[in-house]
Amino acid sequence: MNAPVPVSPTAHPLDPRSWEVTRADRASRALSLVLALVAAAAVYGGVGLITDRIGMTAQWLDGTPFTSWTLPGVALLAGVALPQAVAAGLAVTAHRWAAAAGILAGIGLVLWIAVQLVVLGRFFWLQPVVVLFGLAEIALAAWWSGHDGTA
């Protein structure tokens, strides 16, 4: 395990050094689970879009730069599944930057949905669910990095 970097007890919450963790606890296990579930769902969705096995209507692509769901599927794998899986791996191993990775993965997930809404111009019931998962990742990672490990 990496040696902890001393951080002032008055460190600003946006100071990345305050996000470093040195132990695994309930917060890290919960964060690992959420990250892994989102990564698995993104792999399923990305592969489903690329292979056209989830039945997304091509009409939703009208007015977008895409003519098929292949590139959005690749983007889902690269932009969501990969960061979520990396963050999950870091959280499972209690790597010192795992909480920061969880926060960034959560922010990325929320931004993914924002970009999706802008590009597609359509609302789908799963979008707010995904945003809630992103917010949960941010909250769990912040909880993990911000408490004394007695949980």
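H1 and H2 are roughly antiparallel to each other, because their axes cross at roughly 160°, an angle over 145 degrees. This is a predicted model, so please read what follows as a description of a prediction. The axes of these two helices, H1 and H2, come within 8 Å. As H1 passes H2, the crossing is left-handed. Sorted by class, the residues of this contact are 21 nonpolar and seven polar, with no charged residue.

Now turn to H4. Helix H1 covers residues 26-51, and helix H4 covers residues 126-146. These two helices pack at an angle of about 155°, and their axes lie 9 Å apart. That angle makes H1 roughly antiparallel to H4. The crossing of H1 past H4 is left-handed. On the H1 side, the contact is made by Arg26, Ala27, Ser28, Ala30, Leu31, Val34, Leu35 and Val38. Facing them from H4 are Phe133, Glu137, Leu140, Ala141, Trp143 and Trp144. By class, the contact of H1 with H4 holds 11 nonpolar residues, one polar and two charged.

The next partner is H3, which spans residues 98-120. H1 and H3 pack at about 40°, with 11 Å between their axes. The two helices are therefore oblique to each other, and their crossing is left-handed. From H1, the residues in contact are Leu31, Leu35 and Val38. Their counterparts on H3 are Ala98, Gly102, Ala105 and Leu109. Six of the residues in this contact are nonpolar and one is polar, while none is charged.

How much space lies in the largest pocket? The value is about 860 Å³. This pocket is lined by 32 residues, and the closest to its centre are Leu49, Leu76, Trp112, Gln116 and Leu126. Which elements give two or more residues to the lining? They are H1, H2 (70-92), H3 and H4.

Terms used. Residues numbered from 1 in each chain as written. Predicted model: local features only at pLDDT ≥ 70, side-chain atom pairs only at ≥ 80, totals over all residues. Heavy atoms only, no water. Axes fitted to C-alpha atoms, helices over the stretch in contact; angles between N-to-C directions. Helix = DSSP H or I, 4+ residues; strand = E, 2+ residues; numbered from the N terminus. Parallel < 35°, antiparallel > 145°, perpendicular 65-115°, else oblique. Left-handed = near helix turned anticlockwise from the far one by under 90°. Contact = heavy atoms within 4.5 Å. Nonpolar A, V, L, I, M, F, W, Y, C, P; charged D, E, K, R; others polar. 1 Å grid on protein atoms, 1.4 Å probe; cavity = no way out; pocket = protein on both sides within 12 Å on 5 of 7 lines; lining within 4 Å. Points joined across faces, edges and corners; volume = space filled by probe spheres on them.
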